[in-house]
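Welcome! Take a moment to look over the protein shown here, and then we will walk through a few of its corners together.

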Amino acid sequence: MIEAGKTLANPTKKPSLTPKAIIHQKFGDKACYKVEEVQDDSNQNGCPGLAILQKGPSLYRCTLELPETTVVSDTCRRKKDAEQSAAEKAIEKLGIQLKEYNPTKEEAWNDLAGRISFLFSNEFLPSLNPLGAHFRAALRREGHFKGCVPLSVLAIYDGKVSNICKYIDPMAESNSLLVMSLVLRAAAKLTDSVVISDKQLQRRNEYSLEILSSTNNESNLLESILIEVVIIPASIGKAVESVKLNFTAAGYYLDVIARELGMNEASDVIISRTIGKASSEMRIYSAAPKQLLCDQFEGTLNDRASYFAGQEIHGDAILASVGYTWRSTDLFHEAVSLRSYYRMLVNKIPSGAYKISRDAILAANLPLAFTTKSNWRGSFPRDILSTFCRFHYLSEPVFSTQSNSSDASLDLPGSRKKLKVTQSSKEEKTEAFSCEVKIYSKNQELILQCSPQETHRKQTDAVQIAALKVLSWLNMFFENPNVSSEKLNLLAENLDIHFTPRYFFKEFALCHSMHNNKAAENEPSLIDITGENSGATPSNGSLVCISYSVSLFREEDSIKESLESCKEFEFEIGNEAVLPYIESAVAQMAIGQSAYFQVDLPSDEFILAAAVDSGSALSLLSSRKCKMEYHITLLQVTEPLEERMEQAQFSPPLSKQRVEFAVQQIKESSAASLVDFGCGSGSLLDSLLSYPTSLEKIVGVDISLRALTKAAKLLHTKLNKLSESSSKIKYAVLYDGSITKFDSQLHGFDIATCLEVIEHMEEEEASLFGEVVLSFFRPKILIVSTPNYEYNVILQGCTTEDPDEKNQTQVCKFRNHDHKFEWTRAQFESWAADLAATHNYGLDFSGVGGAADVEPGFASQIAIFRRREDNLTNMESDNHYVPIWEWNRENIPPKEQ
C-alpha cells in the first residue's frame, strides 16, 4: 500500500506539441496533407526467384502542401506516421521555432477572450469542424434562441478553450462547469461582439448574407429521423429504458434532448465528455445547475449516469450517440439500445472488457495467466488495461520496461533455465526483461503501481504479464464487493501491487453499487453428455474449439429466449479462460460429443449485454424463475506443445512408450500393488488396464479434483467392463493429496510410478518428493520419468546452449509452458543417485524415445529405484489423503462382471 503522503511523483512531463500540431498552429487550414499508398520494392515478392506476386505490408508516403513550400515524407508503415514525418520535414525546411504556450493568468484571460471573439467571427462559421457545425445549427433555432450557442458546447467541443482555461484555474481540466463559468466571464469583456443570455452566447451582429449563403447548402437531416437513446433515471429504483427521439433538419438536436429531459432549451443541458472511444459521440446529457459553480442542481444525484460519465450527474439523464464530427457536416447518429448500455456497463469491469473483446459475454472469462501469445485469444492484457483506464477516465497506463543482462542460470519464465551441470566454466549471460506498470488519475495522482520481481526473456511477455497482474487484482476488487481491506492488501502484495487507498477508493467509489456478480461461481445442474466417446479428450494446456449456445429458459412454461451463440470458440484448458462450469463440462467430453446443462442466472447486466432482444429477456427475467441453458459441442482439441512434438517425432507416442515400459517392470517384478503419484486424469492407470498384468490393487494420487473426477469416470467405466478372467484388479482408489506428504495407507507398495510429473513442480518440491517417497512410502520399485532437456534440440530444431555463433539457432524452450524446469541427463542422474544412496536403493537408468548410446540420449529419461531390503519398518498411522473414488470388484453385481 502506498501512503497518500508518500505518493511517488509522476515521471511524465507535460506533452510537447507534435510536428503536425506545430504546423497547424502556424498555418491552420491552409496546410493540406495528401497520403498515398506506395509499393515496397525492397523485398520483391518476399522470396527471390518466386514468380507469383505477393502483396507485402502497406506503406504510405505523405505530401504536405503549404503556402510557402511542399514537402514529401519518408515512407512509413502508418498513415499518421507519414503525416508527422511530412510535418517534421516542413518544420526543418522552414526553420520554424516552436514557442511553448505557457501564459501568465492575465495573458490566458486575454487569449480566452480572443478565442471566443474568433469563434463568433465570419471566418470561423464556415469552418469544417464539429464546433462550427454547432454554430451553424444554432442559426436554425427558433425565436430569440436563434444563433445562441450553449456554454456547455463551447466547454466540451473546443479544445483550445479548455486548454486556455487550465492556465487560469488548473481545476478546469476536469470541471466543465468551471470552464463554462470562465468562458462567461471572458465573454463579458466582449460587449461589442458577443451577447450573454443566461448560459449561452450569441453574436451581437448578424452574419453577412454571403457567409450565411455559404452555409445553407448543408444537407444535415433531409427530413425527420427517429434515433434510439437510453433514459437513465436518477432513482435507482426505476429501470433504465430506451426511447426514440425525433430529430429534424429545421431544429437543433440539443433542444430535442432538453425537452425530453423536461427542460426548456439546449442551454439547460450539460454535456459529458465522450464515453468509451475518444472518436465516438457517445455522451451523457443531463440538467445544468440553475447557477454555474453552485450545488443547486434540480434532482438527486444520478449514480448510474455519474458512473458512466466520470463526473457528478444530477436528475434524469440521457445516454445518446449523436452530434457533429470531423467526418461530415451532417448530424452523426447511432442507435443506443439497452444492449448497448449494458455492454458499456460490462466493459467497465476488467473481465467484462475481455468478454466484450471475445464477443462471448456468457462464456469467456479473464484468463489466469498469459501462457503463450499463440494460445491467447481476444484483446491482449495491455490493451484491456488501456480500455479499462479510458472507460474510468484515468490516464493511460504507464509501462516501463527494463532490460538486464542476467545470469543464464536464473529461471526466466517463458524461457529455459541454464543447465546446472555444464562442461564449460564460461559464465553465461542472457537478456532478461522486467516491466513496471503505473496508473494515474487525470490529476496525475498515483493510484497504483505493479512492480513484478520476475524477469522474462521477451519484452512483450513482461509487459503483458504485468498488465494481467493489475487486471486480475482489479477484477477481484470489482467482483467481490465485500472484500476486506486486509484481503485486498494481501492479494495486492501477492501480485507485487502497491496502491494508494485514498486515491483508489475515490476513483472507484461507485463500482460496487453498479455491479453485482452474484453468480460468479455458479455450479451447473447435472451435465448431460451425448455422443460416442472418441477417446480424444482435452488436457491442461490443450487449445480446444467448441460451438455453444446459451438461452434463457423458464421451466414452468418452457419459454426459451436465445441469448448468445458461437460456431467456433477457442480457449486454453486449465487457464480459467472460460466460465468454470463450461470448462468443467468440456473437460469431461471427447471430440464430437455434446453437453447440455443449466445454471442459475448471473447478474442481469451480463444477460442484457448479451441479449439481442432486450425486451423479451427483461420479460423473462421479471419472473425470476429462469435458468441459463447451455448447449456445447467439442469440435477440436489441439494438444499442448509437448504432446504435439512427441506425437510428431515418435511412433508409438512417448506417452504410450512410457506405459509399456511400466508394464514391463510390473511383469518382471510380479507386482500386485501399484500407486501412481501425480496420476492426473488417470491416463497411465487407464492404459495399464489394457495389458494383462499381475496387479490386484491400483491407486492414484493427485491434487487436482477436476483431474481426479475425470480419472474416476474413466476407470469406473473400464473396470466394470473387464471380466475377472481378463484382469486381476480387485481394488482401485483415487486420493486427493499432495505427493510431497506421506500417507501411511500407501506404505510399502510393490511398485510406484511418477511419470512426467516432477517437472511440473519447483525443483525444491521435486527433491522433497524424492525424500518422502523413498524414506516413508518405501515402495519396492519406484519409476520416475522426466523430459531430457538435451533432446529438445531434436524436437524443436534449436540449441540447448546459448549461441555464440551468429548462425546458430534459437535456444530451446521447455516442452510445456507449465514446466518449472527440465533437466539434462547429468542433472537427473545426480538427483537420482543422491536419493538412492541416502535411502539404500539400487538405481538403474533407462528411457524411451531415442537410445542411450546415441546423442542426445533418450527423449524421456527414466530412473528405476529398487529397494535393497525386504523387511519394512512399521509406520505410525498418518493419513493426509482424502479418498475421492473407490472401486471394489466384490461390490460389482454378477451380471456386470
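Which residues does asparagine 888 touch, not counting residues up to four places away in sequence? The answer is Lys730 and Tyr731. Keep in mind, as you explore, that this is a predicted model.

**The whole protein**

Let's step back for an overview. The protein has 27 helices and 29 strands. It consists of 897 residues, and 51% of them count as buried. Now think about contacts between residues with a separation of 6 or more: 70% of these join residues 24 or more positions apart.

**Around asparagine 888**

Back to asparagine 888, which you can find in strand β29, covering residues 882–888. Is asparagine 888 buried or partly exposed? Asparagine 888 has a relative accessible area of 25%, so it counts as partly exposed. Its side chain has a polar atom 3.0 Å from the backbone nitrogen of glutamate 890.

**Serine 744 in its loop**

Next, look for serine 744, in the loop between β24 (731–736) and β25 (751–755). Why is serine 744 called buried? Its relative accessible area is 18%, and because buried means under 20%, serine 744 falls in that class. Leaving out residues up to four places away in sequence, serine 744 touches Glu876, Ser877, Asp878 and Asn879. With asparagine 879 there is also a polar contact, made side chain to side chain at 3.1 Å.

Phenylalanine 145 sits in the loop between α4 (130–138) and β4. Phenylalanine 145 is partly exposed, since its relative accessible area is 24%. Apart from neighbours within four places in sequence, phenylalanine 145 is in contact with Ala138, Gln200 and Glu265. In sequence, phenylalanine 145 and alanine 266 are 121 residues apart, yet 9.3 Å lies between their C-alpha atoms.

| Residue | Relative accessible area | Class |
|---|---|---|
| Asparagine 888 | 25% | partly exposed |
| Serine 744 | 18% | buried |
| Phenylalanine 145 | 24% | partly exposed |

The strand β4 belongs to an open sheet of three strands, in the order β4-β6-β5, with antiparallel pairing. Strands β4 (149–150) and β5 (194–197) are the edge strands, each pairing on one side only. How many bridges join β5 to β6? There are four, and β6 spans residues 200–203. You can check the pairing by eye: valine 194 stands opposite arginine 203 in β6.

**Empty space inside**

Finally, let's turn to the gaps. Rolling a probe the size of a water molecule over the atoms shows where empty space is left. A search of the whole structure turns up five cavities of 30 Å³ or more. The second largest cavity holds about 60 Å³ of space. Its lining includes Tyr354, Arg358, Trp376, Phe571 and Glu572. The elements giving two or more residues to this lining are α12 (350–358) and β19 (559–572). Sorted by class, the lining of the second largest cavity has five nonpolar, three polar and three charged residues.

How values were computed
Residues are numbered from 1 along each chain as its sequence is written. This is a predicted model: local features need pLDDT of at least 70, side-chain atom pairs count only at pLDDT 80 or more; totals for chains, interfaces and linings use all residues. Side-chain values use heavy atoms; hydrogens and water are left out. Buried means under 20% relative accessible area, exposed over 50%, partly exposed in between (1.4 Å probe, protein chains only). Contact means heavy atoms within 4.5 Å. A polar contact is a pair of N or O atoms within 3.5 Å; within protein, one must be able to donate a hydrogen and the other to accept it, and residues adjacent in sequence count only if both atoms are side-chain atoms. On a 1 Å grid over the protein atoms alone, a cavity is a set of points where a 1.4 Å probe fits but cannot get out, and a pocket is an open set with protein on both sides within 12 Å along at least five of seven lines; lining residues have an atom within 4 Å of a point. Grid points are joined across faces, edges and corners, and a volume is the space filled by probe spheres set on the points. Ala, Val, Leu, Ile, Met, Phe, Trp, Tyr, Cys and Pro count as nonpolar, Asp, Glu, Lys and Arg as charged, and the others, Gly among them, as polar. Two strands pair if DSSP finds at least two bridges between them.
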